[in-house]
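Dear colleague,

I am handing over the structure that we spoke about, and I would be grateful if you could look through it alongside the notes below.

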Amino acid sequence: MSTRLKEQNYFECVPLQRQRVCSTDIEPLSFQEQLTAIKQNLSLTNSELAKVLDVSRTTLYKWMEGIEPHDTNRERVYTVYQLACYWRDLSASPLGIYVKQRNQQGYSLFHLMSQKSVPVDDVKELMAIVARRRDRGRTSQSLYEMRRDKLKKEVK
C-alpha cells in the first residue's frame, strides 16, 4: 500500500457489482457510488435511504443525479457508508429483510440508522448479531440437508 494512502487513511468499500472488498488500495468512490453501495449493501429503497440520511426523497434523487450535498449531509452519508462497508465485511450478501427485524429491545437496524445521531457502535453490534444468526441459520439448514440426503441414501 502506498504511503500516501496510509497517511490519508482512506477506507473504501466497493459496491456489490464490483469485488467484495473493503480496502485502502483503491480510488475513493464517487458520492453517487457511495449512495448506490449503501442501498445495495443495506437493502434499502430510495424512500428508506432518504429517511436514514435524514433528507427528502427529492434531495436524494438530486444527489443521485450528481448535485453535491452540504458538508453536514456528506458526513452523514459517509457514516452510513462506513456502516454499509462494515456489513459487507461481515456478510457476502446484502442485509435483506434483516434491516427491519427488531431485536429484543424493539429496535431494528433501520430504526437505529434513522436516528438524528446515528449510534454507530449500537448499529455495528446489532449487525454482528444479525450476521451470526444468519450464519447459524445457513449452517443449520446445511446440516439438515446433509442429514436428509444421508437418510435418503440409507433408505435406498
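A pocket is taken here as an open set of points on a 1 Å grid over the protein atoms alone, with protein on both sides within 12 Å along at least five of seven lines. Please keep in mind that this is a predicted model. With that understood, the largest pocket has a volume of about 200 Å³.

The lining of this largest pocket is made up of Asn103, Gln104, Gln105, Tyr107, Leu112, Asp122, Glu125, Leu126, Ile129 and Arg133. Helix α7, which covers residues 120–155, supplies the largest share of the lining, namely five residues.

Turning to the helices, α5 spans residues 71–90, and its 20 residues reach 29 Å from the first C-alpha to the last, which is close to the 28 Å expected at 1.5 Å a residue. The buried residues of α5 include Val77, Val80, Leu83 and Trp87, but also Asn73, Arg76 and Arg88.

Helix α3 is mostly covered, with six of its eight residues buried.

Most residues other than glycine have a negative phi. Serine 43, although it is not a glycine, has a positive phi of about 55°, and this residue is found in the loop between α2 (31–42) and α3 (46–53). Aspartate 54, which is likewise not a glycine, has a positive phi of about 60°; this residue follows α3 and is found in the loop between α3 and α4 (57–64).

How exposed are these two residues, given their relative accessibility? The cut-offs are under 20% relative accessible area for buried and over 50% for exposed, with partly exposed in between. Serine 43 has a relative accessibility of 25%, so serine 43 counts as partly exposed. Aspartate 54 has a relative accessibility of 41%, and therefore aspartate 54 counts as partly exposed as well.

With kind regards

Note on methods
Residues numbered from 1 in each chain as written. Predicted model: local features only at pLDDT ≥ 70, side-chain atom pairs only at ≥ 80, totals over all residues. Heavy atoms only, no water. 1 Å grid on protein atoms, 1.4 Å probe; cavity = no way out; pocket = protein on both sides within 12 Å on 5 of 7 lines; lining within 4 Å. Points joined across faces, edges and corners; volume = space filled by probe spheres on them. Helix = DSSP H or I, 4+ residues; strand = E, 2+ residues; numbered from the N terminus. Expected span 1.5 Å × (residues − 1). Buried < 20%, exposed > 50% of the residue type's maximum accessible area, 1.4 Å probe, protein only.
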